Amino acid sequence: MARKQENVRNFSIIAHIDHGKSTLADRILENTQTVTKREMKEQLLDAMDLERERGITIKLNAVQLHYKSKSGEDYTFHLIDTPGHVDFTYEVSRSLAACEGAILVVDAAQGIEAQTLANVYLALDNDLEIIPVINKIDLPSADPERVKKELEEVIGINPDDVILASAKANIGIEDILERITEAVPPPVGNPDEPLKALIFDSLYDSYRGVIAYVCIKEGSVKVGDRIKMMANGKEFEVNEVGVFTPKPLPLKELNVGDVGYITASIKNVGDTSVGDTITLANNPAVEPLPGYRRLNPMVYCGLYPVDSNKYNDLREALERLELNDSALQYEAETSQALGFGFRCGFLGLLHMEIIQERIEREFKIDLITTAPSVIYEVEQTDGEAIIIDNPSMMPDPQKIQEVREPFVKATIMVPNEYVGAVMEIAQKKRGQFIDMEYLDDIRVNVIYHIPLSEIVYDFFDQLKSNTKGYASFDYELLGYRPSKLVKMDILLNAETIDALSFIVHRDFAYERGKQIVEKLKELIPRQQFEVPIQAAIGNKIVARSTIKAMRKNVLAKCYGGDISRKRKLLEKQKEGKKRMKMVGSVEVPQEAFMAVLKMDDE
Amino acid sequence: MIQSVYIHIPFCQHICHYCDFTKFFYNEQLATEYLEALSNEVNVQVSGEKNPVKTIFIGGGTPTALTHLQLKKLLSLISDKFDVWNCEEYTIEANPGDFDEEKAKLLREYGINRVSLGVQVFDDVMLKELGRAHRIEDVYKTVDLLKQQGLNNISLDMIYSLPNQTAEHFERTVKEALSFDLPHYSAYSLQIEPKTIFYNRYKKGKLHRPAQEEEVKMYEILKKNMKQAGLKQYEISNFAKPGFESKHNLTYWNNDYYYGFGAGASGYLPGKRTQNIRPLPAYIKQAMDDGKPVLRIDTIGLKEKIEEELFLGLRKLSGINKNDFQSKFGFSHDLLYSNEIMHLKQKGWLIEDVETIHLTEEGILFGNEAFEYFLLEDNDLEAIALTKK
């Protein structure tokens, strides 16, 4: 189809989890007849099972749609999906860089949420045109007027520009589509310039090699072209280009403004670094597009198969996942307690949980995950400097000259009534107050320097729950600073369990020790014998508790002859044991290895 | 040949806080419709009249929550279908209190020869806590009433490990229960099951169960007192004077077949275990439509049958008779379980003698752990097939 560049619109949707982003995307696909009602699966863009279950988007998706406006013009839209969680801020910035506009979806009852705000600012940073939509106006609790006012006060949006909609009831969808044609500018690139295609995601397909998701910023690319990766200079011959409709639709050529894919028998995902620019080998662009900041893993943890025979399966699973997830890192390691496994690096806790769940679900490997940790720098008394990404590797206290840990500058934006709550949390997390500035009458920026290790645990969750979700939070790495840190060992039945060791600030050590032995006592079921639990720093025991021996486990009840129920109970009991790890002589459930994370629950 | 019948009456005047059986508040109209549906189910499933059976058990719910007329209808349905007068054991469950002379007479007239009485605990405050409608004095009145009608074969049910209960407290209940000098007693430790009031309280941290140590103490007290009173323990939770062991419940532990009629009832027929639909309207509709109100059928193949033979049989103190196993399955239990039995013996949980294998007192306390040993893997039976060839 012939297509004019001025009729192309590239946009994404920004929304808080549950505010209706996926439903709106579905409705847009439906109303532009991109998919017929019959093909329509609920929430089409969130294709991965996990995404659909958790109601979140992890991997990016880009879909081409066709829309005939009321004035009779034909438009080509590219809808680029964005993830909504802070761990994936990086991915959001990638997708926004490929757009000229963003639909901001806000729940008519709940109003604007902190996380959305962070993404709105990202969008404004990228000079995107914002189309404000208040969704779910058909809910009894909807209060669109209040939300309009909020949008005006917080982001400065003109109330007259706000579209009232209900994606569920198909209200306002046409208005949104019309507004996209009016408000979002077409992509500005020049089709005659040398090719500049921005890679915003990539995916490995076993038949076609790497599929690079690209946005064409300048020039064009077609099958048979010889392309060059500007980051490493590697060249490939294009064997397919196309767009997603949402099924991949091969085309002859991709032009300026197109959002689609390129395959070129690329074997290594590393050759298509996200943020890199693709150009033509025989007519290269002079300068690459500005890339993204590349995020390194922030959180490390050990992944071990519950069944040691599954070690090779686990390695294969990680290899497969790594192909589509450049942020995932791993290397083999050994634990005395858990055997062979891998130390893996993740962007954040959610990223970690998702990888863990995908391995368990898609590869059917039961996992033990050790508590997450950051990377520490240790200067030993013998002058040697070492890097620690696994707490159990921390040297004995007498061999340590100095321990340094990563600090971040945390910027927390919050309505002024919650400043007290924010400070309390930051203080508890060893934060050092730096500054506080009023952005307007209501909003305050609170700035702290906080150890990264405190952030990766549950900082964000606590922040959200203590500010009713209003706080938005961003952080940047400051570098390493000396801290009074010590390694806490945990002993079960007088045996040190390396996988349970963690690193803690000396001032909090006793309290943490006490909390963790109590938590472990709750999490580890009674065994056939008594099991003492101890927390130790070096040779010194700082806390202890005891799991009493199991005294009885028998179902007395008769269940009126319902033997199937008895059978299920026994089968569940047996299955439960399979999911526990024999550590020394003690059966330890998976959750126990994450106990250090759960200590702040109480 | 199916020798046992279970019939479920899902109505109660009061709902107990711990109960997760199929039960609904009594409603006269609904109960009448229910009995009609039940009658249809029984007639479709069992042809002919006055069929010989060994045991019948009417459970609930509260069967005695029915009106005199409804009870009569239920009992005549049963005595038309089954030969109740030659039935070895014909039991009805009853609550102390919701009982009068007329109902007791009716039971006698229709051949019922055993009553299982839900007494639970001799403490009016705790009875109230449990959501029970009866009080201690009702137990005395009801036992008198039954005995006057010649219904002397009474089983008294207790529940222990109740919220805030101590071992000493439970001992008083056991002693008072034994003062009735009945031929059969059952005592079950309280299970907190989902979808009960207790479960909700427990989840909110508002219900405090005795510690495991205390529960074990209660069990020891129970066994000691029963023994002193001349009642022999024959199953984990059951005690009887010689000859008064519940034949119906032994059907379950012996892994024999039984019909299960009524809403939510479980049955065991050759090759399958069935469970009926629980919600009343759905049960009634299906039972009226085709007489097959079955919700679920679990296939019982050889593997399942063997497993159940073991984990049910070992609940009995007499355990598994090795010859019976051999003649039932055509091979020795040793072919499948020699390792497991060795381990359990080493733990002191199991004893093997010339005729039987059975759990020790210690083994009974860890019954679920021991039973788990007898669940088979899918390929375990291949070995048997090979040896038999």
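**Figure 1. Contact of helices H1 and H10 in chain B of the predicted model****.** On the H1(B) side, the residues in contact are Leu30(B), Glu33(B), Tyr34(B), Ala37(B), Leu38(B), Asn40(B) and Glu41(B). They meet Leu280(B), Tyr283(B), Ile284(B), Ala287(B) and Met288(B) of H10(B). Sorted by class, this contact has 9 nonpolar residues, 1 polar residue and 2 charged residues. H1(B) covers residues 28-45 and H10(B) residues 280-290; their axes come within 8 Å and cross at roughly 40°. The two helices are therefore oblique to each other. Their crossing is left-handed.

**Figure 2. Packing of helices H6 and H8 in chain B****.** H6(B) spans residues 167-178 and H8(B) residues 212-228. The angle between them is about 25°, and their axes are 9 Å apart. H6(B) and H8(B) are therefore roughly parallel to each other. The crossing of H6(B) and H8(B) is right-handed. H6(B) contributes Ala167(B), Phe170(B), Glu171(B), Val174(B), Lys175(B) and Leu178(B) to the contact, and H8(B) contributes Glu214(B), Lys217(B), Met218(B), Ile221(B), Leu222(B) and Asn225(B). By class, the contact of H6(B) with H8(B) comprises 7 nonpolar, 1 polar and 4 charged residues.

**Figure 3. Packing of helices H1 and H6 in chain A****.** H1(A), residues 21-31, packs against H6(A), residues 173-183, at an angle of about 80°. The axes of H1(A) and H6(A) are 10 Å apart. The pair is therefore roughly perpendicular, as angles of 65 to 115 degrees count as such. Arg27(A), Ile28(A) and Asn31(A) of H1(A) are in contact with Ile173(A), Glu174(A) and Leu177(A) of H6(A). Of the residues in this contact, 3 are nonpolar, 1 is polar and 2 are charged.

**Figure 4. Sheet S12-S13-S14 of chain B, with helix H12 of chain A lying across its strands****.** The sheet is open, has 3 strands and pairs in the antiparallel sense. S12(B), residues 266-269, and S14(B), residues 294-299, are the edge strands; each has a single partner strand, so one side of each is left without a neighbour in the sheet. On average, neighbouring strands of this sheet are turned by 20° against each other, direction ignored. S12(B) pairs with S13(B), residues 272-276, over 4 bridges in the antiparallel sense. Arg273(B) in S13(B) is the bridge partner of Tyr268(B). H12(A), residues 563-578, lies across S12, S13 and S14 of chain B and runs at about 105° to S13(B).

**Figure 5. Sheet S15-S17-S16 of chain B and helix H13****.** This open sheet of 3 strands has antiparallel pairing. At its edges stand S15(B), residues 320-321, and S16(B), residues 350-352; each has a single partner strand, so one side of each has no neighbour in the sheet. S16(B) and S17(B), residues 356-359, form an antiparallel pair over 3 bridges. Ile351(B) is opposite His358(B) of S17(B). H13(B), residues 334-347, lies across S16 and S17 of chain B, at about 115° to S16(B).

**Figure 6. Contact between chains A and B, and the domains of chain B****.** In the predicted model, 17 residues of chain A are in contact with 33 residues of chain B. The side of chain A that touches chain B has 6 nonpolar, 5 polar and 6 charged residues. The domain assignment divides out domain 1 (4-253) and domain 2 (319-388) in chain B. The centres of these domains, taken over C-alpha atoms, are separated by 32 Å.

Technical notes:
Residues are numbered from 1 along each chain as its sequence is written. Chains are lettered from A and ligands numbered from 1 in the order in which they are written. This is a predicted model: local features need pLDDT of at least 70, side-chain atom pairs count only at pLDDT 80 or more; totals for chains, interfaces and linings use all residues. Axes are lines fitted to C-alpha atoms, for helices over the stretch in contact, and angles run from 0 to 180 degrees between N-to-C directions. Angles under 35 degrees count as roughly parallel, over 145 as roughly antiparallel, 65 to 115 as roughly perpendicular and the rest as oblique. Two residues are in contact if their C-beta atoms, placed from the backbone, lie within 7 Å. Ala, Val, Leu, Ile, Met, Phe, Trp, Tyr, Cys and Pro count as nonpolar, Asp, Glu, Lys and Arg as charged, and the others, Gly among them, as polar. Two strands pair if DSSP finds at least two bridges between them. Domain bounds come from an automatic or database domain assignment. A crossing is left-handed if the near helix is turned anticlockwise from the far one by less than a right angle, and right-handed if clockwise.
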